[in-house]
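I opened my notebook to look up a few details in a protein chain. Here is what I went through, entry by entry.

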Amino acid sequence: GNPELPTAVNITWSSINFKTILQWQPKPSGYFYTVEIHGQTSNTKKKCILTADTECDVTDVLRDVRETYTAHILSVTSSGMDNFEEPPFAVSEKFTPYNQTVLGKPEIQNYTQKGSELNVVFQDPLTPYTFPNGSFQSIRDIFQHDLEYKLYYWKDQSSGKKDTTTKSHKFEVGVDNTKNYCFYIQGIIPSRRENRNGQESMVVCTSIERGTLDEYGAEVFIIIAVIAIAVITLAVVLSVILCKRKKAKAAREKEPLNGV
């Protein structure tokens, strides 16, 4: 081999929904990299042979997602792979896709707020792996009963947050039928020690037709009522004063003139 060639450093695994990218440094100059994936019980597989890049998509050689892998990143010249001597290489940390891939964002398909019930239907994230018929497997197809989802929901313009979990594709929760609600969903693997919580879906808010009282709040109507009462009271007082003045004026006009 050529012990003078630099070896890779800062090797990291980046994996979301089982799509896994291996990354490292530095950029090669005058040499190349070749990636070898070693499994504990599987044969060694080569990827990204003689590449000048510093990343490699290794998804297709990690199909046994419960297997634990290490990556050897070989530093080689263009003819180095033909030598019998082993080239210099760096070894990654161990990686087990089933335990370490990050759960991606669930996709909210439909939601309704009818009366005092909020219904949310969502879809599992898909993986790069396929069934024999060519359709993509979802993370539920792989994790099965280990997977659950959590719905976080709260009244619109409120900071008080509630949550509930499900193992199905939908949520049904009781809510205040006079308020709009906002919510998001997150996949969870409770059996994991690390990476238990997945990425959060987009936040969505319902938009029910609310009455004027709900739209502006009870406080506004209390103020309006107080003002209305004050105006009515003032009008009554003014009416009484004017009425008394008219009566007094009429009484004075009926009095006989002095000296007549």
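**Entry 1: disulfides.** I began with the rule: a disulfide is a pair of cysteine sulfur atoms within 2.5 Å. I also kept in mind that this is a predicted model. How many disulfides does the rule give? I noted a count of two.

**Entry 2: Cys182 and Cys205.** I looked up the sulfur atoms of Cys182 and Cys205 and found them 1.9 Å apart, so by the cut-off of 2.5 Å they form a disulfide. The torsion about this S-S bond is 105 degrees, and the link is right-handed. Where do the two cysteines lie? Cys182 is in strand β15 and Cys205 in strand β17 (residues 204–205), so the pair ties together parts that are 23 residues apart in sequence. I then checked accessibility. Cys182 is buried because its relative accessibility is 4%, under the 20% limit. Cys205 has 35% and counts as partly exposed.

**Entry 3: Cys48 and Cys56.** I turned to the disulfide of Cys48 and Cys56, where the sulfur atoms are 2.0 Å apart. Its S-S torsion is about 90 degrees, so this disulfide is right-handed. Counting the bonded cysteines along the chain, I wrote down the pattern 1-2, 3-4.

**Entry 4: backbone.** I reminded myself that most residues other than glycine have a negative phi, and that most peptide bonds are trans. With that in mind, I went looking for exceptions.

Which peptide bond is cis? I found the one from Gln25 to Pro26, with omega near 0 degrees. Pro26 sits in the loop between β2 (19–25) and β3 (32–39).

Next I looked at Gln157, which is not a glycine and yet has a positive phi of about 70 degrees. Its place is the loop between β12 (148–155) and β13 (161–166). Gln157 counts as exposed because its relative accessibility of 79% is over 50%.

Asn195 went into my notes as well: it is not a glycine, and its phi is positive, about 55 degrees. I found Asn195 in the loop between β15 (181–188) and β16 (197–200). At 37% relative accessibility, Asn195 counts as partly exposed.

Key:
Residues are numbered from 1 along each chain as its sequence is written. This is a predicted model: local features need pLDDT of at least 70, side-chain atom pairs count only at pLDDT 80 or more; totals for chains, interfaces and linings use all residues. Side-chain values use heavy atoms; hydrogens and water are left out. Helices (H or I, at least four residues) and strands (E, at least two) are DSSP runs, numbered from the N terminus. Buried means under 20% relative accessible area, exposed over 50%, partly exposed in between (1.4 Å probe, protein chains only).
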